[in-house]
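This briefing sets out how the parts of the structure below pack together.

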Amino acid sequence: MHLLVCGGTSCRASESALIAESLKRELEEKGLGNEVQVIMTGCFGLCEKGPVVKVMPDNAFYVQVKPEDAAVIVAEHVIKGKPVKRLLYVNPSTGEHVSGSGLMGSYRKQIRIALRNCGSINPENINEYIAREGYAAIGKCVTEYTAADVIDVIKNSGLRGRGGAGFPTGLKWEIASKNQADQKYVVCNADEGDPGAFMDRSVLEGDPHSVLEAMAICGYAIGATKGLIYIRAEYPLAIQRLKIAIGQARDYGLLGNNILGSDFSFDIDLRYGAGAFVCGEETALIHSMEGMRGEPTNKPPFPAESGFMGKPSNVNNVETFASVPVIINKGWEWFSSIGTEKSKGTKVFALAGKINNVGLIEVPMGITLREIIFEIGGGIKNGKKFKAVQTGGPSGGCLTEHHLDTPIDFDNLVAAGSMMGSGGMIVMDEDDCMVSIAKFFLEFTVEESCGKCTPCRIGNKRIYELLTYITKGNGTLADLDRLRNMCHVIKDTSLCGLGQTSPNPVLSTMDNFMDEYIAHVTEKRCPAGSCRDLMKYTIIEEKCVGCTACARGCPVNAISGERKEPHFIDQEKCIKCGACFERCKFGAVLIN
Amino acid sequence: MEKLKSIADLKKVRIETKTQLDMRARDGSPEAVVQVRVAMATCGIASGARPIMDFFVEELDKRGIGAVVTQTGCMGYCYAEPTVEVQLPGQEPVVYGFVDRKRADEIIEKYIRNGELVEGIIPVNYERID
């Protein structure tokens with residue numbers, strides 16, 4: 001028998017280590033130390049109900065356990081085999097105590113659809129994909145469905161583009177199917193560029209065949225025989241696994257002429273990008289694939305009319321494709337039963353930043369931010385206070401504690417001043433300065449702007465400069481007005497999605513954290529204490545013993561004072577490197 | 001590889017592979033083996049999954065334990081890489097995180113040989129659809 005004690009950060013904070021110790025001691029006392037083992041595990045994802053203890057193999061799941069409960073767990077459950085009812089997990093939907101194997105699903109917040117095979121099959125073995133119903137969906141399409149049927153299934157499923165904007169996928173396919181041409185193309189957008197996002201890479205590395213199969217299904221639906229995957233060269237492992245997968249699919253005849261004995265032929269090639277953020281925009285992506293500069297052009301014409309090589313092309317994101325085969329296999333009714341009214345299915349998020357369980361998650365639409373951050377994510381690192389989460393990368397905005405209970409879907413996030421984006425979620429705590437966060441994203445946008453249109457090329461640079469002034473303590477209240485005006489002009493006049501969304505991080509932080517902006521310009525103070533230029537180091541006279549450690553460590557000789565006398569920092573000379581603070585053993589250096 | 005010319009051909013591959021995988025996992029079947037899956041996405045490899053996979057391959061062989069060691073994609077527990085899933089015949093798979101050589105050795109000696117769980121288990125907190 002095993003007793004598993006959650007050793008996740010949040011449970012540890014609520015004494016789970018002590019619980020494990022108590023259990024071990026109780027077992028020793030009863031002479032069961034050798035037969036029953038107590039094991040600390042990683043996070044169960046149920047932090048709200050922690051600390052948790054699970055008894056194996058009985059599958060009994062105890063929540064909110066206290067160290068003093070160890071005796072009763074050992075005496076009742078381990079020795080007599082009777083579960084301790086008052087500690088058992090209660091299924092929130094039925095109100096019943098649960099134990100045994102039936103309980104697992106009830107507390108799990110995640111459903112893996114796009115990631116269904118990721119981390120379970122060998123991505124370099126096509127047979128393992130086939131064993132999990134792989135290529136059954138394309139088989140069903142070419143034998144049972146007409147192209148119009150396939151489009152209907154995708155339309156009815158309510159699937160929306162997972163790349164960020166959330167355009168209905170079925171509608172996109174329908175438009176492409178209606179445009180007549182001698183050649184059409186299916187394009188997979190694998191140019192994942194948001195800082196902190198790695199959803200598409202994980203899908204391609206873990207389950208490349210699901211994307212290949214979906215592209216073939218799309219080809220069948222819109223009447224295309226050629227597929228192209230635009231992937232950045234900085235994803236070498238994903239490229240290698242895609243190449244292997246394409247090779248194996250061709251060997252089996254699942255790509256190529258007359259797939260599974262039908263009249264339908266389809267093949268896929270790779271196109272490499274050089275890692276430019278703007279190439280995630282579909283017109284820029286297409287130009288890059290054509291060998292031209294990766295610059296966007298005006299829409300219309302949309303790619304569905306005139307895309308790659310001037311032919312009708314359908315561009316979808318990796319995660320969108322990865323969801324398609326399951327929808328065909330299980331039916332649109334099943335898919336549309338998951339999620340919210342207007343956002344169906346699940347969404348993959350890359351959880352990063354100041355969160356305990358950094359990782360890749362897939363959750364049903366409609367889940368709240370609170371569930372993601374405090375249950376699946378295990379809460380904020382080092383017990384700090386949650387401040388905000390950035391969704392949608394450099395095009396999105398931040399959500400604050402006011403939004404913690406908002407159900408997450410495409411429309412709610414837009415209403416909250418952010419956007420779904422491709423799925424990066426960067427969590428920030430009380431130590432993060434929101435002006436600096438906005439500056440960070442603008443620095444990224446300035447670097448990634450292609451330079452074709454003036455508002456984006458020059459406007460973003462000006463915003464970045466203004467933000468820099470503010471973080472250095474040189475800004476004025478008038479600058480804040482100027483900043484906001486400029487943001488709106490850039491949004492209204494830029495050519496493509498990059499410029500139209502790049503001021504969002506500034507606007508969203510201004511909307512939610514205006515007090516921080518004001519503190520920077522009026523008091524010359526950074527409330528989070530992260531803007532170096534606004535920090536002031538001083539020595540507390542009463543605490544200083546005159547050991548000279550700070551003066552000896554100061555690289556610019558800004559500290560003076562006699563031995564055994566209090567020291568002083570010359571603010572004119574100080575470069576705010578923090579060396580004195582680190583060297584002082586008496587806590588006499590104060591940071592303002 | 002022979003081309004699959006019909007749905008029936010595809011089904012044959014599916015059933016053959018499924019049967020083979022099921023036999024490996026079933027307790028008491030002649031093909032029953034220990035299955036070790038190492039998360040080998042870029043993040044896993046960057047955290048040192050490759051030498052861990054090599055360690056399992058070499059050591060299980062050296063210690064005479066019948067096992068199949070394969071690579072797989074991201075399991076999602078980026079904070080705990082390298083992660084390894086171990087499935088003993090007839091049992092539910094168990095995921096271990098923060099697997100270094102020491103823990104890998106412990107997994108082989110305690111869990112794989114004797115069925116004793118060791119520290120570092122990551123409870124699976126998601127459902128996969130079939």
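In helix α6 (residues 136–144) of chain A, the residues Ala137(A), Ile138(A), Gly139(A), Cys141(A) and Val142(A) are buried (20 or more other C-beta atoms within 10 Å of the residue's own; exposed means 12 or fewer, partly exposed in between, with C-beta atoms placed from the backbone). These buried residues pack against α7 (147–157), α10 and α13 (318–330) of chain A together with α1 (7–25) of chain B. The model is predicted: local features need pLDDT of at least 70 and side-chain atom pairs count only at pLDDT 80 or more, while totals for chains, interfaces and linings use all residues. Residues are numbered from 1 along each chain as its sequence is written, and chains are lettered from A and ligands numbered from 1 in the order in which they are written. Helices (H or I, at least four residues) and strands (E, at least two) are DSSP runs, numbered from the N terminus.

- Neighbours within four places in sequence aside, Leu23(A) is in contact (C-beta atoms, placed from the backbone, within 7 Å) with Leu3(A), Val5(A), Val38(A), Ala70(A), Ile73(A) and Val74(A).

**Interface of chains A and B**

- On chain B, 39 residues are in contact with 50 residues of chain A.
- The elements giving two or more residues to the side of chain B that touches chain A are α1, β2 (67–72) and β5 (126–128) of chain B; α1(B) gives the most, with seven residues.
- By class, that side of chain B has 21 nonpolar, ten polar and eight charged residues (Ala, Val, Leu, Ile, Met, Phe, Trp, Tyr, Cys and Pro count as nonpolar, Asp, Glu, Lys and Arg as charged, and the others, Gly among them, as polar).
- Strand β5 (residues 110–112) of chain A pairs with β5(B) in the parallel sense over three bridges, pairing being defined by at least two DSSP bridges between two strands.
- Arg112(A) has Arg128(B) as its bridge partner in β5(B).

**Parallel sheet of chain A**

- Four strands of chain A form an open sheet in the order β8-β7-β6-β9, with parallel pairing.
- The edge strands, each pairing on one side only, are β8 (267–273) and β9 (313–317) of chain A.
- From one strand to the next, the twist averages 25 degrees.
- Strands β6 (residues 185–190) and β7 (residues 226–232) of chain A pair over six bridges, and Val187(A) has Leu228(A) as its bridge partner in β7(A).
- Packed on the sheet, α10(A) touches β6, β7, β8 and β9 of chain A, and its direction makes about 145 degrees with that of β6(A) (axes are lines fitted to C-alpha atoms, for helices over the stretch in contact, and angles run from 0 to 180 degrees between N-to-C directions).

- The axes of α3 (residues 49–62) and α4 (residues 101–114) of chain B come within 10 Å and cross at roughly 35 degrees.
- Ile52(B), Phe55(B), Phe56(B), Glu59(B) and Leu60(B) of α3(B) make the contact with Arg101(B), Ala104(B) and Ile108(B) of α4(B).
- Met75(B), in the loop between β2 and β3 (84–87) of chain B, is buried, with 29 other C-beta atoms within 10 Å.
- Not counting residues up to four places away in sequence, Met75(B) touches Gly119(A), Ala39(B), Thr83(B) and Val95(B).

How values were computed
Contact = placed C-beta atoms within 7 Å.
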